[in-house]
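Open your viewer, get your selection tool ready and follow along stop by stop. Each stop says what to select and what you will find there.

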Amino acid sequence: MIIVQTPLRVSFLGGGTDFEGFFSNEAGAVLSAAIDKYVFVIVKERFDGLIYVNYSKKETVSRVDDIEHDLVREALKMTGVDEGIEITTLADIPSEGTGLGSSSSITIGLLQALYAYQGESRTARELAEDACRIEIDILGRPMGKQDQYIAAYGNLRFITFNHNDIKVEKIPLNIEYRRKLSEGIMLFYTGQTRQSSIVLEEQKANIGERMDELREMRRLAFEGRGALLEGKFEEFGQILHNSWEIKKQLASKVSNPGIEDMYETARKAGALGGKISGAGGGGFLLLYCPNGRKDDVREALNYFRPLPVGIEPDGSKVIFNYRR
């Protein structure tokens, strides 16, 4: 039996510039962090040769091609496992429409578990590249590449994208700065879910017309990185706000009146800035708030469920490995 733990993530700045339609022409950059909420993938040998998949539904098939769960199916194909296996996926939060990168975390976790099941290991970069191949190239999902990399690498990262290279940099915050960042992050569930593909399809189609906005979002990612390294956390909050105002221009369904009202309520209560995590349209509202105003924000948003989170230092990892 193999158990793999893979973190979810929050994307702070630069989202959209990790689309190949952007960084194939000029460099993209994102500031992103793994959080201490996880997807777990459990893989176990099955004696009868069948393939059993357990998630929100159950599947038992004799052929990989008959599996409905597309991520499981393609991960099995990529790793070469084709019979006699049980796969279970579990998550700390609902995996659909939350904006915390669950799809890529599941893909990374599946790949690592299936490689470990065969006695093989892969680097974080190899896992991220394989996951991008499955989600973007094979399944044709309209998405960027940051989610796969942050799930594989973990921690707080600045990731730059070029047409021929992706660089992953760990942001070296000291203990005090890291504590201040973690304490300032707040997540609230909007109560709305959405299919990210609906938002992302439009965003992808708009890239050519939104190059100036995407360039500004890239610039703000660099600016936000600098603010964190210098301990300028109020400035970081304002940068988040500026980026959110631009992000709403990338596609028509990124925000809606309910989200706008929720965000403005949080700002009036003391939050410095924030954004909808992920593609937009629903899921979790990410806020950055000075510690002295967090209770005010919680009170102002008392109708919405908070999700306490911290930064997860590790990427995807095997936490149990019992191989006969």
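Which residues does Q5 touch, not counting residues up to four places away in sequence? Select Q5 and you will see Y38, V39, F40, G315, S316, K317 and I319 in contact with Q5, where contact means heavy atoms within 4.5 Å. Q5 is found in strand β1. With a relative accessible area of 14%, Q5 is buried, a word used here for under 20% relative accessible area, while exposed means over 50% and partly exposed lies in between (1.4 Å probe, protein chains only). Helices (H or I, at least four residues) and strands (E, at least two) are DSSP runs, numbered from the N terminus.

Two notes before moving on. This is a predicted model, in which local features need pLDDT of at least 70 and side-chain atom pairs count only at pLDDT 80 or more, while totals for chains, interfaces and linings use all residues. Residues are numbered from 1 along each chain as its sequence is written, and side-chain values use heavy atoms, with hydrogens and water left out.

**Stop: the cavity**

Next, select F12, L13, G14, G15, M217, L240, S243, W244, K247 and K275, which line the largest cavity. The elements giving two or more residues to this lining are β1 (2–13) and α9 (233–247). By type, the lining residues divide into five nonpolar, three polar and two charged.

The volume of the largest cavity is about 40 Å³, and the structure holds one cavity of 30 Å³ or more. A cavity is a set of points, on a 1 Å grid over the protein atoms alone, where a 1.4 Å probe fits but cannot get out; lining residues have an atom within 4 Å of a point. Grid points are joined across faces, edges and corners, and a volume is the space filled by probe spheres set on the points.

Zoom in on L287: leaving aside neighbours within four places in sequence, L287 is in contact with G184, I185, M186, F188, Y263, A266, A271, G273, G274, V297 and L301.

**Stop: helix α2**

Now select residues 70–79, helix α2, where seven of the 10 residues are buried. Those seven are L71, V72, R73, E74, A75, L76 and T79. Show β3 (51–54), β5 (85–91), α3 (102–117) and α4 (124–138) as well, and you have the elements that the buried residues of α2 pack against. Just after α2, G80 takes a positive phi of about 85°.

Which value does phi of N155 come near? The value is near 70°, which is positive in a residue other than glycine. Most residues other than glycine have a negative phi. N155 sits in the loop between α5 (146–153) and β6 (156–162), and is buried at a relative accessible area of 5%.

Step along to R157 in strand β6. R157 is buried too, with a relative accessible area of 12%. Beyond neighbours within four places in sequence, R157 is in contact with V30, L31, S32, I150, V168, E169, K170 and I171.

**Stop: G144**

Select G144 in the loop between α4 and α5. G144 is buried, at 8% relative accessible area, and its contacts, leaving aside neighbours within four places in sequence, are D18, F19 and I136.

**Last stop: R305 and the cysteines**

Is R305 buried or exposed? R305 counts as exposed, at 68% relative accessibility. This residue lies in strand β11 (residues 305–306) and touches L187, F188 and Y189, not counting residues up to four places away in sequence.

Finally, select C132, which is buried at 4% relative accessibility, and C289, which is buried at 0%. A search of the whole structure finds zero disulfides, a disulfide being a pair of cysteine sulfur atoms within 2.5 Å.

How values were computed: 1 Å grid on protein atoms, 1.4 Å probe; cavity = no way out; pocket = protein on both sides within 12 Å on 5 of 7 lines; lining within 4 Å. Nonpolar A, V, L, I, M, F, W, Y, C, P; charged D, E, K, R; others polar.
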